[in-house]
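Reader: I would like to learn how to read a protein model. Could we go through it one feature at a time?

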Amino acid sequence: FDEYKDRLTFALSGGQKRRVAVAGVLALEPEVLLLDEPTAGLDPAGRRQLLDQFLALHRQGVTLVIISHNMEELAEICHQLYVIAGGHTVLEGPPEIIFDDPARLHELGLDVPAVTQVMEGLRQAGVLGPTDRAYTVAQATSILRPRLSV
């Protein structure tokens with residue numbers, strides 16, 4: 001606080017401005033938090049810090065509604081996804097259902113998380129079995145670590 005309290009907001013970086021905006025909303029102690037592309041423009045460390053804060057809020061009972069094109073983040077923090085196209089919900093379900101149909105997502109201009117693409121490539125190469133699916137880095141790590149241990 002002391003480092004930034006006397007700085008004008010236009011002198012803050014884009015990521016700092018985003019965090020200030022989120023802090024202002026959190027000061028109101030909302031029960032539901034609607035976030036539109038909350039990590040856009042943040043560096044990886046800032047993105048991780050903000051996502052961790054959102055997860056902590058969720059554990060405290062705050063409902064999160066996140067609008068994003070970042071499939072990696074959605075896979076990591078969401079329990080339920082809604083894909084909207086043309087003003088209508090065209091897909092809904094948990095990440096493992098939504099990301100299990102990459103062709104449909106691609107038709108809608110979206111993609112599965114990068115780690116899911118890598119795991120699919122390993123499955124097609126015969127390295128992984130048909131049930132070895134991952135939508136987050138943590139899931140992929142838990143599948144791959146036993147196979148890589150020496």
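Reader: Among contacts in the chain between residues at least 6 apart in sequence, what percentage join residues at least 24 apart?

Author: This is a predicted model. The figure is 37% of those contacts.

Reader: How many helices and strands are there in the chain, and in what order do the elements run?

Author: The chain has 7 helices and 4 strands. Reading from the N terminus, the order is α-β-α-β-α-β-β-α-α-α-α.

Reader: What box do the C-alpha atoms fill, and what share of the residues is buried?

Author: Along the principal axes, the box is roughly 60 × 45 × 30 Å. Of the 150 residues in the chain, 32% are buried. The chain exposes about 9800 Å², and carbon and sulfur atoms supply 57% of that area.

Reader: Next, salt bridges. How many does the structure hold?

Author: A salt bridge needs a side-chain nitrogen of Lys or Arg within 4 Å of a carboxyl oxygen of Asp or Glu. This structure holds 8 of them. One of them joins the side chains of Arg48 and Glu76, with 2.7 Å from N to O.

Reader: Which parts does the pair of Arg48 and Glu76 tie together?

Author: Arg48 belongs to helix H2 (residues 44-59) and Glu76 to helix H3 (residues 71-77), so the pair ties together parts 28 residues apart in sequence. Arg48 is partly exposed at 31% relative accessibility, and Glu76 is partly exposed at 36%.

Reader: Which residue forms a salt bridge with Arg133?

Author: Asp100 does, and the closest N and O atoms are 3.2 Å apart. Arg133 sits in the loop between helix H6 (114-124) and helix H7 (137-148), while Asp100 sits in the loop between helix H4 (95-98) and helix H5 (102-107), so this pair ties together parts 33 residues apart in sequence. Relative accessibility is 35% for Arg133, which counts as partly exposed. Asp100, at 41%, is partly exposed too.

Reader: Where do Glu120 and Arg123 lie?

Author: Both lie in helix H6, 3 residues apart, which is about one turn of the helix.

Reader: Is Arg123 buried or exposed?

Author: The cut-off for buried is under 20% relative accessible area. Arg123 has 14%, so Arg123 is buried. Glu120, at 28%, is partly exposed.

Reader: Which residues are linked in a network of salt bridges?

Author: The network links Asp100, Glu120, Arg123 and Arg133.

Key. Residues numbered from 1 in each chain as written. Predicted model: local features only at pLDDT ≥ 70, side-chain atom pairs only at ≥ 80, totals over all residues. Heavy atoms only, no water. Helix = DSSP H or I, 4+ residues; strand = E, 2+ residues; numbered from the N terminus. Buried < 20%, exposed > 50% of the residue type's maximum accessible area, 1.4 Å probe, protein only. Contact = heavy atoms within 4.5 Å. Areas by Shrake-Rupley, 256 points an atom, 1.4 Å probe, with all protein chains shown as cover.
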